[in-house]
Amino acid sequence: MNASTPSTATKPLKLLNNNTNNNNDTQQSNNNNKTSQTLSHNHLDYVLSMSFDYYGRRFATSSGDRTVRVWNLNNNDGMWSSQGVFTAARGPVQSLSWAHPEFGQLIATAGAGKLICIYLCVIIV
């Protein structure tokens, strides 16, 4: 994190999951079978955009640190985990969106400097 980035830029993400599992990483919420998971997003600047894929099983975050991080939902425990990170622009990645699945696992990003990029996200098992 550079000197001009406030410490609040690293504040974790909090996600609500619709499952009934309860382990050390989750907290019960509102007694309606929803759990929450707090993720340390590991971006070095503010998260500027977040987008879920068509099925809600993956999401991506973009940041002022020029990176995009991709997250997967684990089928076994319903928890989110980081799949990978890539540098997507010469400046802040201000927006991102997943393509419809008929086009594959594609993410489009729009960054500073009028740069628009499309990336293929491959699942490595």
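Before anything else, my pairing rule: two strands count as paired if DSSP finds at least two bridges between them. Strands themselves are DSSP E runs of at least two residues, helices are H or I runs of at least four, and both are numbered from the N terminus. The model is a predicted one, so local features need pLDDT of at least 70 and side-chain atom pairs count only at pLDDT 80 or more, while totals for chains, interfaces and linings use all residues. Residues are numbered from 1 along each chain as its sequence is written, and side-chain values use heavy atoms, with hydrogens and water left out.

**Entry: strand β5**

I started by looking up what sits opposite Ala60 in β6, and found Val70. Five bridges join β5 to β6, and the two run antiparallel. Their hairpin has three residues between the strands, and in it Arg66 takes a positive phi near 80°.

Then I checked the pairing with β4. Here too I got five bridges and an antiparallel run. Ala60 turns up again, as the bridge partner of Ser51. The β4–β5 hairpin has five residues between the strands, with Gly56 at a positive phi near 75°.

Is β5 enclosed or open, and how many of its residues are buried? Six of the six residues of β5 are buried, so the strand is largely enclosed by the rest of the structure. Both faces are covered: Arg58, Ala60 and Ser62 are buried on one side, and Phe59, Thr61 and Ser63 on the other.

**Entry: nonpolar cores**

Next I listed the cores, meaning sets of buried Ala, Val, Leu, Ile, Met, Phe, Trp, Tyr and Cys residues joined through side-chain atoms within 4.5 Å. The largest one has 11 residues: Ala60, Val68, Val70, Phe86, Ala88, Ala89, Val93, Leu96, Trp98, Ile107 and Cys121. β6 (67–73) and β8 (93–98) each supply at least two of its residues. The largest share, three residues, comes from β8. A separate core has five residues, among them Leu39, Phe59, Trp71 and Trp80. As background, nonpolar side chains tend to be buried together in soluble globular proteins.

Leaving aside neighbours within four places in sequence, Ala60 touches Ser49, Met50, Ser51, Val68, Arg69, Val70, Leu96, Trp98 and Ile107.

**Entry: aromatic rings**

My ring rule: Phe, Tyr and Trp rings (for Trp, the six-membered one) pair if their centres lie within 6.5 Å, with planes under 30 degrees apart called stacked, over 60 edge-to-face and the rest tilted. That gives six aromatic pairs. For Phe52 and Trp80 the centres are 5.8 Å apart and the planes at 65°, so I logged the pair as edge-to-face. Phe52 is in β4 (residues 47–52) and Trp80 in β7 (residues 80–87), so this pair ties together parts 28 residues apart in sequence. Phe52 is partly exposed at 39% relative accessible area, whereas Trp80 is buried at 8%.

Phe59 and Trp80 are edge-to-face too, because their centres are 4.9 Å apart and their planes at 75°. Phe59 lies in β5 (residues 58–63), so the link to β7 spans 21 residues of sequence. Phe59 comes out buried, at 0% relative accessibility. I grouped Phe52, Phe59, Trp71 and Trp80 as one aromatic cluster.

**Entry: the β8-β9-β10 sheet**

Which strands make up the open sheet of three, and in what order? The order is β8-β9-β10, with antiparallel pairing. β8 and β10 are the edge strands, each pairing on one side only. Between β9 and β10 I found six bridges, and Ile107 stands opposite Tyr119 in β10.

Last, I visited the loop between β9 (106–111) and β10 (115–120), where Ala112 lies. Ala112 is partly exposed, with a relative accessible area of 30%. Apart from neighbours within four places in sequence, Ala112 contacts Gly91, Pro92 and Gln94. The C-alpha atoms of Ala112 and Arg90 are 7.3 Å apart, although 22 residues separate the two along the chain.

Conventions: Buried < 20%, exposed > 50% of the residue type's maximum accessible area, 1.4 Å probe, protein only. Contact = heavy atoms within 4.5 Å.
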